[in-house]
Number of protein chains: 2
Amino acid sequence: MRRIAFLGPVGTYTEEAALQYDSSADLQPFPTIGAVGLAVSSGVTDQGVVPIENSLEGSVTFTLDLLIRQSGLSIYNEIVLPIEHYLLARPGTRAPDVEVIYSHPQALAQCREFLERCFPQATQEASLSTAAAVTDMQESPVPAAAISPKRAADLHDVVIIGQNIQDNPNNVTRFAVLDKVDHPMTGNDKTSICFSFKEDAPGSLYGALGEFAQRHINLAKIESRPNKEALGQYIFLIDCIGHREDSRVKEALAALAGTSNMLKVLGSYPRWQAG
Amino acid sequence: MRRIAFLGPVGTYTEEAALQYDSSADLQPFPTIGAVGLAVSSGVTDQGVVPIENSLEGSVTFTLDLLIRQSGLSIYNEIVLPIEHYLLARPGTRAPDVEVIYSHPQALAQCREFLERCFPQATQEASLSTAAAVTDMQESPVPAAAISPKRAADLHDVVIIGQNIQDNPNNVTRFAVLDKVDHPMTGNDKTSICFSFKEDAPGSLYGALGEFAQRHINLAKIESRPNKEALGQYIFLIDCIGHREDSRVKEALAALAGTSNMLKVLGSYPRWQAG
């Protein structure tokens, strides 16, 4: 049975994504994105699932930094999941009595308008994850609610007092399946790379994009991350359409390797298709 | 006296930056980055200070999204501040007795190695800000500590039990001073813009960067943000060297306006120079 590490605890959106990817796998929660990466690169598990990009918040920077820095890790697949926030409470709790609402600060922010409209008197408290919010809510001395994925309602003795409470309906998260190797060519693939330049990075970026444009390779994403050495020095991340074994992509990567200071192929993998 | 809104509460790094920018101003804390923006655009205050980029974490996405979307706001100046995390406790607390450590999740993450080495037995609890962590620590039923800026130690009855506890010494944050208008030309300026394209964004980005490269205009930063309508559609943000009134920058912006779907100049302002 395939062992898959995921960013835990159980009851998070990442567990939902992992279940959707392979519901028959042995799913194992790990406490941080870095721990999932280590589980995969060390062979403790076969694969790992971590969030990589949200349609409202942008990239999950921990995941990008992990892929940039850790060796022995590739992107093997991607999963796209709509994010639907639920409001959970202890059985018997009435919505008007709720005094405190727990969640991860990002989930609280994504439901700000809803909370102002429906729970103007409730105070908001930070939890370490949307799953931890359920425990915080259950232990609260006053009537409380937690913003969590639906999955958390399946795992705990709670009732759903609100559903799809996020302010923006276009809330979708992309997850990466990590493995020691990337995916064989399927004919409908994407390739993720990162690269940097010794100096004059933004001028060089123009040249780098040219290697793709000249070969009519479409880019799906471009991102920059600080190189963590000095403000204003960046590592660039690009997702392009095609597999790294496709001849045009292969040529572009070879050209880029000649002009960049560092080039790392993070993986080629099938493009997500809504089921 | 100049009234300056800042991302509060008092005792945060943003207050430190505002004090460094103008210690004689009437500094007023606001609860969110959006509230600071509204204070400035509505004339409640003359200016506002918000974090925009950290050398380890990358961009502060709330601030980028505010600049992209809210009208009547320009970047008037920038401030660069080293981030030095302190460990604060109630007077009389001994480090070996500390059972809980409070802070914003980002600050906890930036001190992870330090906490694992020096406080392996302490549990970590999330607070809504590094300033709120001090209150959480003061109200803790067990011996506790808070990761906070030094400024918080000046404002509360606490002792410093650790200083410069961040794992990476290159931890620097850039803050933006917001105003209704941007800064007159000084001869050593930067200009921040954002823009988007109707379709084929990454290919178009190549053309956009060309407008700057052809005119020998250096770029200091490039970033992308989701447009919040669909996964994979982006708004690009660029900082270029020069003032928007400089003839070459003016030409590049005019050319870009002709090919982009949306172009907004976020402001021209003097480049930060370490004092």
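How many residues does the contact take from chain A and from chain B? The contact takes 35 residues from chain A and 35 residues from chain B, where two residues are in contact if their C-beta atoms, placed from the backbone, lie within 7 Å. What you have before you is a predicted model, in which local features need pLDDT of at least 70 and side-chain atom pairs count only at pLDDT 80 or more, while totals for chains, interfaces and linings use all residues. Residues are numbered from 1 along each chain as its sequence is written, and chains are lettered from A and ligands numbered from 1 in the order in which they are written.

Let us stay with the contact for a moment. On the side of chain A that touches chain B, the elements giving two or more residues are β11 (172–179), α8 (201–214) and β13 of chain A. Helices (H or I, at least four residues) and strands (E, at least two) are DSSP runs, numbered from the N terminus. The most comes from β13(A), with eight residues. By type, this side of chain A divides into 17 nonpolar, 11 polar and seven charged residues; Ala, Val, Leu, Ile, Met, Phe, Trp, Tyr, Cys and Pro count as nonpolar, Asp, Glu, Lys and Arg as charged, and the others, Gly among them, as polar.

How do the two copies relate? The same surface serves both, as 100% of the contact residues of chain A recur in chain B.

In chain A, four strands form an open sheet in the order β13-β14-β12-β15, with antiparallel pairing; two strands pair if DSSP finds at least two bridges between them. β13 (219–226) and β15 (262–270) of chain A stand at the edges with a single partner strand each, so one side of each is left without a neighbour in the sheet. Further in, β12 (residues 189–196) and β14 (residues 234–241) of chain A pair in the antiparallel sense over six bridges, and A:Ser192 stands opposite A:Asp239 in β14(A).
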